[in-house]
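Biologist: Let us go through this model label by label. I will ask what backs each term, and you answer from the coordinates.

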Amino acid sequence: MIRIENLYVLMNGNFKKQFNNNGLTLIEVVVSLGIFSLVVMAAIGIFSVSLKSVRQTFDEQIIQEAGRFILETIAKDVRVGRIVTTVGGPYSALEIINAKSETIIYSFNCATCTFGTNSLPPNLALTGYFYVQQPVSVYFVPPRVPIVLTARSTITGLRIDLQTTVSSREYAE
């Protein structure tokens, strides 16, 4: 088998030498590797930013759900129970006698808090306070409890502030 390295082509009456280039030069390989590495580095950067954003959104969702669960649990007991804590505030704990005549103390400053039958996520730090309000000049006005809660992730440092006011169904006598 004879391999023809160079072909001569007749173009416009002149013979021109046409080369058979089957490979790449070293400079072409280095340039293409450089461009490929820049594209891969950009893709990895975009992926890591997206992953960080997804983690932060997931962490924010967990904190919001836990905060809402805590406020709803406390609100349910305040609505159907009797408030034992004296009028005033701010208090770091709220004492309530629930519908089953059990004394419940809610406190936001605890290492491992449990609200109801559920425990909170371990990476959640809670701080907050309660006020107990009872209008004295108006009869048949139920006591109110404003609740201020700050939930913070110990992993990302993300912080969410929640606040609500709950009225008790127990009227002043």
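Predicted model: local features only at pLDDT ≥ 70, side-chain atom pairs only at ≥ 80, totals over all residues.

Biologist: How do you know what span to expect for helix 1?

Modeller: Helix 1 covers residues 26-80, which is 55 residues. The expected span is 1.5 Å times one less than the number of residues. For helix 1 that gives 81 Å. The model reaches 81 Å from first C-alpha to last, close to the expected value.

Biologist: Which residues of helix 1 are called buried?

Modeller: The cut-off is under 20% relative accessible area. Among those that pass are Asp59, Ile63, Ala66, Gly67, Ile70, Leu71, Ile74 and Val78. Asp77 is also buried.

Biologist: What makes a set of residues a nonpolar core?

Modeller: Its members are buried residues of the listed nonpolar kinds, joined through side-chain atoms within 4.5 Å. The largest such core here has 25 residues. Those with the most contacts inside it include Ile74, Val78, Leu94, Phe108 and Ile147. Helix 1, strand 5, strand 9, strand 10 and strand 11 each give two or more residues. Helix 1 gives the largest share, seven residues.

Biologist: Which residues does Ile147 contact, leaving aside neighbours within four places in sequence?

Modeller: Contact means heavy atoms within 4.5 Å. By that test Ile147 touches Leu71, Ile74, Phe108, Tyr129, Phe130, Leu162, Gln163, Thr164 and Val166. Across the chain, 47% of contacts between residues at least 6 apart join residues at least 24 apart.

Biologist: What makes strand 5 and strand 6 a pair?

Modeller: Pairing needs at least two bridges. Strand 5 (residues 93-97) and strand 6 have five, in the antiparallel sense. Ile97 stands opposite Thr103 in strand 6. Five residues lie between the strands of this hairpin, and Ser101 there takes a positive phi near 65°.

Biologist: Why are strand 3 and strand 6 said to stand at the edges?

Modeller: The three strands form an open antiparallel sheet in the order 3-5-6. Strand 3 (82-83) and strand 6 (103-107) each have a single partner strand, so one side of each is left without a neighbour in the sheet.

How values were computed: Residues numbered from 1 in each chain as written. Heavy atoms only, no water. Helix = DSSP H or I, 4+ residues; strand = E, 2+ residues; numbered from the N terminus. Buried < 20%, exposed > 50% of the residue type's maximum accessible area, 1.4 Å probe, protein only.
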